[in-house]
Amino acid sequence: WILAWMGLEINTMAIIPLMAQQHHPRATEATTKYFLTQATAAAMILFASTMNAWTMGDWNINQISHPLATTTVTLALALKIGLAPMHFWLPEVLQGLNLTTGLVLSTWQKLAPFALILQISQNTNPALLTTLGVMSALVGGWGGLNQTQLRKLLAYSSIAHLGWMIIILQFMPALTLLNLTIYITMTSTMFLSLKIMTSTKINSLALAWPKTPTLTTLIMLSLLSLGGLPPLTGFMPKWLILQELAKQDLPITATIMAMSALLSLFFYLR
Amino acid sequence: MLKILIPTLMLIPTTWLTPKSWVWTTTTAQSLAIALLSLTWLKWTSETGWSTSGPYMATDPLSTPLLVLTCWLLPLMILASQNHISPEPINRQRSYITLLILLQTFLIMAFGATEIIMFYIMFEATLIPTLIIITRWGNQTERLNAGTYFLFYTLAGSLPLLVALLMTQKDMGTLSMLIIQHTKPTNLLSWGDKIWWVGCLLAFLVKMPLYGVHLWLPKAHVEAPIAGSMVLAAVLLKLGGYGMMRITIMLDPLTKELAYPFIILALWGIIMTGSICLRQTDLKSLIAYSSVSHMGLVAGGILIQTPWGFTGAIILMIAHGLVSSALFCLANTNYERTHSRTLLLTRGLQMILPLMATWWFIANLANLALPPLPNLMGELAIITSLFSWSPWTIVSTGLGTLITAGYSLYMFLMTQRGPTPLHTISLHPSHTREHLLMAMHLIPVLLLVLKPELMWGVCH
């Protein structure tokens with residue numbers, strides 16, 4: 001765990017200067033917020049792993065078994081990636097960054113914590129994971145409804161997708177990985193296309209038609225895919241996740257997740 | 001099945017590679033050829049009822065009429081769109097046709113699907129091209145709102161369907177229609193099972209649409225361009241009916257009691273929407289509400305689950321598809337000339353466009369279910385089976401028939417008879433294309449009088 005913690009800390013340290021590149025006060029503010037949240041999370045991870053080592057005598061990542069320790073470490077990792085109810089930093093931080101750094105934040109930064117999450121998936125509290133997942137999907141949907149700034153919109157979309165990923169973790173971690181991969185692909189597409197069009201608000205997207213019709217079509221398809229409409233690829237993880245949930249006799253959870261996908265779809269559609 | 005799917009997909013390169021002046025001609029011709037090919041599906045030879053099967057697709061007497069209707073409509077849609085799209089740049093025209101073709105492909109795959117999950121995916125997939133057609137090529141600013149209504153009503157209904165289907169797959173091990181028709185009825189007693197039943201059916205009821213959840217339909221129809229309206233009225237609504245018919249095989253023991261509220265909504269809806277039609281000023285809205293009314297009859301016929309009910313439902317679906325699409329084309333001819341849908345502005349057309357008046361006459365007669373047209377066959381079968389289910393339904397179905405006759409005649413008289421207002425005298429005469437369009441809609445309706453077995457093969 002010590003090495004994991006060190007890796008996460010170095011990751012945070014490395015990205016701080018990247019984020020602070022723009023000498024805009026909002027960028028600095030975003031950097032500070034990010035640093036604080038990530039440092040808190042890292043400290044919690046250290047604390048939880050130490051607690052586990054003290055009570056169980058084990059530093060191995062897979063073997064974290066003390067219930068308090070697993071809960072703490074799950075919450076800390078959730079804070080790192082931005083799951084509800086620890087999501088409040090994500091929209092503002094993402095808004096303060098330019099699009100490329102935002103891309104890195106949304107995709108690459110999720111990989112490390114997810115690697116840890118996948119490894120501890122057997123021992124975690126199922127109720128906690130389900131709560132985190134459902135809450136994230138709902139918050140991601142509701143929160144994005146009133147947004148006009150594209151980066152905040154993508155932040156809420158990220159929260160919702162992470163919710164989907166977490167909820168299936170307890171049943172089939174392979175699906176979490178699949179969802180993560182597809183999400184990274186789609187979000188990268190979105191960020192890169194937005195960067196090409198240098199637009200940061202919904203209004204500026206509306207003017208995109210005359211400039212690059214091909215790109216606009218691509219953006220539209222990619223947005224619909226993020227929303228999870230068949231027959232686009234974005235539907236596949238949602239479908240498989242719902243199937244697993246149904247197999248595990250959790251139809252209510254499945255329905256709640258599905259309905260919250262509708263919320264996200266609404267703001268994609270605008 | 002592939003014989004039809006691959007030429008349809010090949011239409012997409014056709015639209016993009018043909019030179020500008022030949023695009024419309026070639027696409028119409030090719031889609032017409034595909035439609036004629038699809039008529040070969042009408043020969044059912046197998047005993048189990050399913051023929052022309054591939055690994056995931058097959059046709060049976062229930063899906064074949066709808067498939068032929070879909071294939072037949074594509075050339076008609078392309079014909080109808082030719083005029084209002086011509087001012088646009090050629091690439092936009094090509095993308096419009098491509099969207100229609102994509103929609104067609106998804107529809108063929110939906111009607112031909114044997115796995116219910118494939119049907120579900122195609123069902124959802126048809127939403128995307130329709131949404132793009134409505135929002136991008138619609139005529140007024142409300143079209144964005146209409147598109148949103150359309151998408152969200154349908155999706156809100158169909159996501160529970162997805163969960164319900166997945167649960168079914170877990171319990172039964174398969175979702176293939178071929179197998180499900182032979183499984184023994186499941187014991188469904190608890191509240192959870194009742195919610196599962198509603199989940200299965202809700203998506204199709206919203207799509208049909210049932211009276212309580214029908215608000216998306218008038219909006220979508222009024223805002224959509226002509227091809228969008230045609231395909232919506234003719235085929236997409238039938239997707240809902242078809243899905244219901246397939247799904248009720250699984251749902252049996254519960255349906256007797258649980259269907260009551262929906263049957264009541266359907267019957268009440270017939271009367272209510274019919275009455276709304278009598279007071280409409282917007283022509284397209286009138287036809288849209290008439291669609292809801294007819295579909296209410298279809299829903300009632302399906303939900304009581306008798307052979308005659310199903311037969312009536314499928315006949316009415318086909319006949320209504322053709323006639324409704326014809327009426328939308330007629331409304332569009334008016335719209336293209338006056339750019340207004342208000343009934344008051346397009347009165348007295350019989351004096352200036354007499355041949356079109358013939359088509360108006362026939363289409364309206366078909367709408368009000370004149371014998372011996374298939375509309376009447378369908379309505380009569382449904383009304384009879386509803387009567388045998390409960391004698392009280394005759395009140396609403398009879399009233400409904402009366403009101404349907406009322407507004408159909410109203411539509412005819414308002415647009416054709418009466419003094420011709422002076423501002424309409426300078427309207428363009430009817431194009432041959434429009435006459436061809438109307439003929440191709442209404443001649444199948446007349447021909448089906450002679451051989452209705454093509455439509456009701458499923459129960460006889």
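In this predicted model, the domain assignment divides chain B into domain 1, covering 1-40 + 55-252, and domain 2, covering 261-459. Chain A is likewise assigned a domain 1 (1-121) and a domain 2 (125-269).

**Interface between the domains of chain B**

- The C-alpha centres of domain 1 of chain B and domain 2 of chain B are separated by 21 Å. To the contact between them, domain 1 of chain B contributes 44 residues and domain 2 of chain B contributes 46 residues.
- Domain 1 of chain B and domain 2 of chain B bury an area of about 3900 Å² between them, and carbon and sulfur atoms account for 77% of this area.
- Seven residue pairs are in polar contact between domain 1 of chain B and domain 2 of chain B, counting pairs with both residues at pLDDT 80 or more. The number of salt bridges found across the interface of these two domains of chain B is zero.
- On the side of domain 1 of chain B that touches domain 2 of chain B, at least two residues each are supplied by α3 (63-85), α9 (191-207), α10 (216-223) and α11 (226-247) of chain B.
- The residues on that side of domain 1 of chain B comprise 31 nonpolar, 11 polar and two charged residues.

**Interface between the domains of chain A**

- In chain A, 29 residues of domain 1 make contact with 32 residues of domain 2.
- The area buried between domain 1 of chain A and domain 2 of chain A is about 2700 Å², with 81% of it on carbon and sulfur atoms. Within domain 1 of chain A, the residues losing the most area to domain 2 of chain A are Q95(A), L99(A) and F114(A), which together make up 24% of what that side buries.
- The elements of chain A giving two or more residues to the side of domain 1 that touches domain 2 are α3 (67-81), α4 (89-96) and α5 (99-119). Of these, α5(A) provides the largest share, 11 residues.
- By class, this side of domain 1 of chain A holds 17 nonpolar, 11 polar and one charged residues.

**Confidence of the prediction**

- The predictor assigns the complex an ipTM of 0.74 and a pTM of 0.84.
- The average pLDDT of chain B is 82, and 90% of its residues score at least 70.
- Among the elements of chain B, the lowest mean pLDDT, 68, belongs to helix α12 (residues 252-258), and the highest, 89, to helix α18 (residues 374-389). Where pLDDT is low, the predicted coordinates should not be read in detail.

**Backbone geometry in loops of chain B**

- M208(B) is joined to P209(B) by a cis peptide bond with omega near -15°. P209(B) is located in the loop between α9 and α10 of chain B.
- The peptide bond between P371(B) and P372(B) is also cis, with omega about -5°. The loop that holds P372(B) runs between α17 (354-367) and α18 of chain B.
- Q305(B), although not a glycine, has a positive phi of about 60°. Q305(B) is placed in the loop between α14 (283-303) and α15 (307-338) of chain B.

Notes
Residues numbered from 1 in each chain as written. Chains lettered and ligands numbered in written order. Predicted model: local features only at pLDDT ≥ 70, side-chain atom pairs only at ≥ 80, totals over all residues. Heavy atoms only, no water. Domains from an automatic or database assignment. Contact = heavy atoms within 4.5 Å. Buried area = accessible area lost by both parts, 1.4 Å probe. Salt bridge = Lys/Arg side-chain N within 4 Å of Asp/Glu carboxyl O. Polar contact = N/O pair within 3.5 Å; in protein donor to acceptor, adjacent residues only side chain to side chain. Helix = DSSP H or I, 4+ residues; strand = E, 2+ residues; numbered from the N terminus. Nonpolar A, V, L, I, M, F, W, Y, C, P; charged D, E, K, R; others polar. pLDDT = per-residue confidence, 0-100.
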